[in-house]
Amino acid sequence: VHSALIMSGRVGDEFQMKEIGGDISSAPSSRRHHSGRFPYIHKLGKPPKQNLLKEISTAVKETFFSDDPFRSFKDQPKSKKFMLGVQAVFPIFDWARDYSLAKFKGDLIAGLTIASLCIPQAYLCMWILAMQSLLICLLKMDYVNSSFVPPLVYAFMGSSRDIAIGPVAVVSLLLGDLLQAEIDPNDLIPYRRLAFTATFFAGLTQLALGFFRLGFLIEFLSHAAIVGFMGGAAITIALQQLKGLLGIKKNFTKKTDIVSVLRSVFNSAHHGGKRNKKYFWVPAVAPMVSVVVSTFCVYITRADKDGVQIVNHIEKGINPASANDLFLSGEHVGKAFRIGVVAGIIALTEAIAIGRTFAAMKSYQIDGNKEMVALGTMNIIGSLTSCYVATGSFSRSAVNYMSGCHTAVSNIVMAGVVFLTLELITPLFKYTPNAILASIIIAAVVNLLDYEAAILIWKIDKFDFVACMGAFFGVVFISVEIGLLIAVSLSLAKILLQVTRPRTAVLGKLPRTSVYRNTLQYPEARQVPGVLIIRVDSAIYFTNSNYIKERILRWLTEEEERVDECHLPKIQHLIVEMSPVTDIDTSGIHALEELYKNLQKREIQLALANPGTIVMDKLYQSEFADEIGENNIFLSVGDAIHTFAPKTSITEEP
């Protein structure tokens with residue numbers, strides 16, 4: 001049954017119909033009757049009774065399989081289904097069929113470009129994780145390794161064409177901070193083993209979320225919270241580099257909050273590391289020169305003998321397998337699991353956001369759950385091959401995109417270059433000064449301070465800005481874990497606030513139309529004398545049902561006071577516009593019943609306009625539709641107003 005409102009003033013059987021969601025023209029006149037100037041009022045149809053099993057299956061499908069992943073398998077022979085299954089797990093076998101030399105040229109250039117960024121950035125992440133110079137020798141290639149193994153795995157299993165995989169600063173900071181809270185970094189072997197075990201559990205968390213299609217859980221970390229968290233992480237990372245930049249050797253705090261770090265810096269000002277002024281210019285100007293130049297300068301001048309701290313010996317080649325290094329029993333398993341879950345979710349959130357960003361720019365889609373499986377698998381394999389948590393890097397992904405990449409082959413090219421670096425070039429980094437790493441980190445993390453995004457968040461949503469600043473100050477003044485907890489808590493608080501305190505609005509009629517809109521948004525909208533129209537902009541659940549009832553009654557009280565002051569007709573009808581109400585539960589039904597009884601005492605008739613199918617079904621099942629009367633449930637606000645027009649002395653617009 002079409003919902004239509006016939007505009008008055010037309011002659012004959014030609015009517016122009018206004019339908020909710022669109023216009024209907026040239027409607028058959030035999031289906032409608034026109035008497036005088038009042039339109040035909042459609043009766044709201046009673047929805048068919050829903051099958052319980054079908055309702056449950058539909059809810060499960062929309063929650064976990066909204067993308068209909070098995071659509072392509074329908075009506076296919078077994079051999080085809082097998083190939084589709086292989087392609088679903090390994091997308092490379094799908095897009096490789098159309099791969100060409102032209103695409104390879106673009107991927108080759110992009111791969112070489114991001115490799116040139118990935119190697120020094122891998123060392124930066126290694127430095128961030130280490131925090132202590134004693135760890136550099138041990139960690140040597142674990143982070144460069146993370147730019148070799150994970151990208152290869154992702155190239156076969158990932159669905160993004162543009163994302164560049166490897167270690168990133170924020171995850172490295174989080175991982176390092178959590179690890180140091182559990183094991184003294186000077187206890188080298190257990191520290192490293194805990195890091196590998198945490199990486200294993202991070203991958204397992206990501207894989208489980210993707211396999212069980214629970215990716216929607218990461219949406220609880222809002223964009224505003226991520227902006228604040230990243231900004232706070234940038235400050236924390238930069239502060240931690242003061243030790244290497246200033247040459248402080250002793251008594252530097254292991255804490256990450258700004259107060260502790262600055263106290264260590266000032267306390268160490270009188271007895272800093274031994275330095276020769278002749279060579280102090282090397283770390284001083286390190287942010288403006290490349291790693292190669294600074295390393296060469298230290299080598300030819302042997303500045304390390306005069307107090308300039310360097311990375312020291314780093315062995316060449318790929319690190320050995322680390323499967324035997326994992327903590328699979330004992331007290332450290334629980335610690336590694338907790339660290340891995342947190343690091344895995346942060347890494348996953350960053351990678352999915354990056355993948356979706358570049359996919360939108362190139363007009364293709366990525367499968368979020370497949371991405372989680374791919375990222376989880378690569379981190380599990382990485383943990384067994386001396387790698388730490390890897391994820392998508394926004395800076396390298398942007399370079400990858402701008403360099404003209406076409407497929408994930410650019411990650412394979414990057415991994416190949418990293419392999420050659422591991423085999424041939426790595427020992428040359430022995431003389432790289434710690435100060436150059438520290439200063440480059442500081443220069444790099446400045447980009448994480450996205451003040452423009454913070455300004456935009458302030459303009460759009462003040463509560464989002466509170467979440468952003470809460471995460472920022474939590475990281476800067478307390479710790480990374482607390483900052484992350486604040487970010488998640490404020491994101492959840494916003495959701496709860498919106499659910500428990502939904503918006504409502506008083507509607508009025510726009511002049512010379514049959515459209516009813518929010519009177520605050522459209523001041524020219526006129527309220528209908530004797531009628532109060534309230535729109536509820538949310539589903540009605542146990543969390544908000546009582547508030548909605550009380551808010552509607554408060555609107556009514558305020559309107560009655562205004563009516564008395566202006567000597568206007570008394571309110572006789574209250575219409576609840578329910579178009580935005582997608583669902584209602586038993587508490588919501590009880591709230592409507594209480595509202596109805598309250599209005600009866602005031603001699604005001606309650607009417608409902610445009611309830612959806614699910615809401616209508618529950619209104620009938622609860623018998624509230626019979627209680628209020630089917631003749632008081634309308635297809636639209638316009639229908640309700642036309643029904644009540646004789647009682648409220650409405651003057652039609654010309």
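Buried means under 20% relative accessible area, exposed means over 50%, and partly exposed lies in between (1.4 Å probe, protein chains only). The model described here is predicted: local features need pLDDT of at least 70, side-chain atom pairs count only at pLDDT 80 or more, and totals for chains, interfaces and linings use all residues. Residues are numbered from 1 along each chain as its sequence is written, and side-chain values use heavy atoms, with hydrogens and water left out.

Start at E558. With a relative accessible area of 39%, E558 is partly exposed. Its place is helix α23, residues 545-566. Helices are DSSP runs (H or I, at least four residues), numbered from the N terminus. E558 belongs to a negative surface patch together with E561, D564 and E565. Patches take residues with over 30% relative accessible area and no salt bridge; like charges are joined within 9 Å, and nonpolar side chains (Val, Leu, Ile, Met, Phe, Trp, Tyr) within 5 Å. Asp and Glu count as negative, Lys and Arg as positive; His and the chain ends are not counted. The place of a charge is taken as CG of Asp, CD of Glu, NZ of Lys or CZ of Arg.

I318, F419, L420, L424, I425 and L428 form it on the surface, with about 560 Å² of accessible area together. Accessible areas come from the Shrake-Rupley method with a 1.4 Å probe; for residues, only the protein chains shown count as cover. One member, I425, sits in helix α18 (residues 409-425). I425 is partly exposed, because its relative accessible area is 38%.

Now the charge pairs. Side chains of opposite charge can pair when their charged atoms come close. A salt bridge is a side-chain nitrogen of Lys or Arg within 4 Å of a carboxyl oxygen of Asp or Glu. By this rule there are eleven salt bridges.

One of them joins R338 and E182, at 2.2 Å from N to O. R338 lies in helix α15 (residues 332-361) and E182 in the loop between α8 (169-180) and α9 (188-211), so the pair ties together parts that are 156 residues apart in sequence. R338 is partly exposed at 38%, and E182 is partly exposed at 24%.

K494 and D464 form another salt bridge, with the closest N and O atoms 2.8 Å apart. K494 is in helix α22 (residues 480-500) and D464 in helix α21 (residues 462-477), so this pair ties together parts that are 30 residues apart in sequence. K494 is buried, with a relative accessible area of 16%. D464 is buried, also with 16%. Shared partners also matter here: salt bridges join E182, K335 and R338 into one network.

R97 pairs with D94, and their closest N and O atoms are 2.8 Å apart. R97 is exposed at 56% relative accessibility, while D94 is partly exposed at 34%.

Turn to helix α17, residues 394-402. Its buried residues are R396, S397 and N400. Seen down the axis of α17, these fall within an arc of 100 degrees, so they line one face of the helix. The arc is that of the directions from the helix axis to the C-beta atoms. After α17 comes G404, with a positive phi near 95 degrees.

Finish at V298, in helix α14 (residues 291-301). V298 is buried, at 0% relative accessibility. Its C-alpha atom is separated by 9.9 Å from that of Q309, eleven residues apart along the chain.

Terms used. Helix = DSSP H or I, 4+ residues; strand = E, 2+ residues; numbered from the N terminus.
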